[in-house]
Amino acid sequence: MMIRLFLDVLPYDPDERRRIIEQTHKVIKDTVDTVVTVSEPVTSGGGSGSHTLLYILGAALAALVGLAFLIFMVRSYRRRNEQQVATSVA
């Protein structure tokens with residue numbers, strides 16, 4: 001009865017802790033259910049993951065080709081600058 005008198009001054013809810021715990025249990029249960037339903041298709045694939053090997057090798061090969069192209073461009077740029085310097089000195 002005394003608590004009800006203080007409700008005008010101090011907002012106190014005696015059931016707040018219980019509601020927070022119930023809401024937390026509901027969120028945890030929903031999160032666990034979501035994770036389980038998402039992980040089932042991933043784990044039930046049956047494959048060993050070898051189909052991604054081609055993508056990884058293709059990406060590595062593309063990176064090497066790009067690097068070789070950049071090295072070629074830098075060499076040709078330097079060679080052209082050396083020729084210009086040689087002709088301007090002579």
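Reader: How much of the chain is buried?
Author: Buried residues make up 0% of the 90 residues in the chain. Buried means under 20% relative accessible area, exposed over 50%, and partly exposed in between (1.4 Å probe, protein chains only). This is a predicted model: local features need pLDDT of at least 70, side-chain atom pairs count only at pLDDT 80 or more, and totals for chains, interfaces and linings use all residues. Residues are numbered from 1 along each chain as its sequence is written, and side-chain values use heavy atoms, with hydrogens and water left out.

Reader: What's the accessible surface of the chain?
Author: About 8,700 Å², with 67% of that belonging to carbon and sulfur atoms. Accessible areas come from the Shrake-Rupley method with a 1.4 Å probe; for residues, only the protein chains shown count as cover.

Reader: How many helices and strands?
Author: The chain has 3 helices and 0 strands. Helices (H or I, at least four residues) and strands (E, at least two) are DSSP runs, numbered from the N terminus.

Reader: Where is confidence lowest, and where highest?
Author: Lowest in helix H1 (residues 2–6), at a mean of 61, and highest in helix H3 (residues 51–89), at 89. The score is pLDDT, the predictor's confidence in each residue, from 0 to 100. The chain averages 78, and 71% of the residues score at least 70. Where pLDDT is low, the predicted coordinates should not be read in detail.

Reader: New topic. How many salt bridges are there in the whole structure?
Author: The search finds 1. Arg-18 pairs with Glu-22, their closest N and O atoms 3.1 Å apart. The criterion is a side-chain nitrogen of Lys or Arg within 4 Å of a carboxyl oxygen of Asp or Glu.

Reader: Which helix are Arg-18 and Glu-22 in?
Author: Both lie in helix H2 (residues 16–43), 4 residues apart, about one turn of the helix. Arg-18 is partly exposed at 44% relative accessible area, and Glu-22 is partly exposed at 44%.
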